[in-house]
Amino acid sequence: MSRATLARNFQERLGRSASDLLTDIRMTLAANELRKSSASTAAVAEMVGYQSEAAFQRAFKQRMSVTPAQWRRVAYSPD
């Protein structure tokens with residue numbers, strides 16, 4: 001199967017691209033890591049497959065509507 005056919009079939013069956021799904025998985029893993037550990041943002045970025053902390057922070061903010069630091073503060077707040 002060609003790459004284009006795979007991408008088209010993926011989109012048709014799941015209603016989203018493979019890269020969108022991968023980003024969602026990465027952000028979910030990152031959000032959990034930010035909540036449960038004290039690892040730096042750079043370390044979390046690397047854990048979920050980003051080579052650039054800046055790129056990770058942009059992607060996280062776009063998907064989660066808050067920065068990784070804001071996410072961590074909210075996750076640790078004693079509500």
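These are my notebook entries on a predicted model of a protein chain.

**Ground rules**

I number residues from 1 along each chain as its sequence is written, and I leave hydrogens and water out, with side-chain values resting on heavy atoms.

**Overall fold**

I looked up the secondary structure to begin with, and I found five helices and zero strands in the protein chain, where helices (H or I, at least four residues) and strands (E, at least two) are DSSP runs numbered from the N terminus. Read from the N terminus on, the elements run α-α-α-α-α. The radius of gyration of the protein chain is 15 Å, well over the 12 Å that the globule rule gives for 79 residues, so I note a chain more spread out than a compact globule; the radius is taken over C-alpha atoms, and the rule is 2.2 Å times the number of residues to the power 0.38. I also noted that the C-alpha trace spans about 50 × 30 × 20 Å along its principal axes.

**Surface, contacts and charge**

I then asked what share of the 79 residues is buried. The share is 24%, with buried meaning under 20% relative accessible area, exposed over 50%, and partly exposed in between (1.4 Å probe, protein chains only). The accessible surface of the protein chain comes to about 5,600 Å², and carbon and sulfur atoms hold 53% of that surface; these areas come from the Shrake-Rupley method with a 1.4 Å probe, and for residues only the protein chains shown count as cover.

For contacts (heavy atoms within 4.5 Å), I recorded that 46% of those between residues at least 6 apart in sequence join residues at least 24 apart. The protein chain carries 12 positive and 7 negative charges, whose mean positions are 3 Å apart; here Lys and Arg count as positive and Asp and Glu as negative, without His and the chain ends, and each charge is placed at NZ of Lys, CZ of Arg, CG of Asp or CD of Glu.

I found Gln11 in helix α1, which covers residues 3–14, and Gln11 counts as partly exposed at 38% relative accessibility. Setting aside residues up to four places away in sequence, I saw that Gln11 touches Arg16 and Ser17.

Leu21 belongs to helix α2 and, at 27% relative accessibility, counts as partly exposed. Beyond its neighbours within four places in sequence, Leu21 is in contact with Phe10, Leu14 and Arg16, whereas Val74, 53 residues apart from Leu21 in sequence, lies 25 Å apart in space, C-alpha to C-alpha.

Ser19 is in helix α2 too, and I recorded this residue as partly exposed at 48% relative accessibility. Which side chain does the side chain of Ser19 meet in a polar contact? The partner is the side chain of Ser17, at 3.2 Å, a polar contact being a pair of N or O atoms within 3.5 Å; within protein, one must be able to donate a hydrogen and the other to accept it, and residues adjacent in sequence count only if both atoms are side-chain atoms.

**Loops and helix α3**

I located Ser37 in the loop between α2 (18–36) and α3 (41–47). Is Ser37 buried or exposed? Ser37 is buried, with a relative accessible area of 15%, and its side chain reaches the backbone nitrogen of Ala39 at 3.3 Å.

Ala42, in helix α3, is partly exposed with a relative accessible area of 33%. The C-alpha atoms of Ala42 and Ala54, twelve residues apart in sequence, are 8.7 Å apart.

Finally I looked up Ser65, in the loop between α4 (53–64) and α5 (68–76), and at 57% relative accessibility this residue counts as exposed. Its phi is near 70°, a positive value in a residue other than glycine. Most residues other than glycine have a negative phi.

Key. This is a predicted model: local features need pLDDT of at least 70, side-chain atom pairs count only at pLDDT 80 or more; totals for chains, interfaces and linings use all residues.
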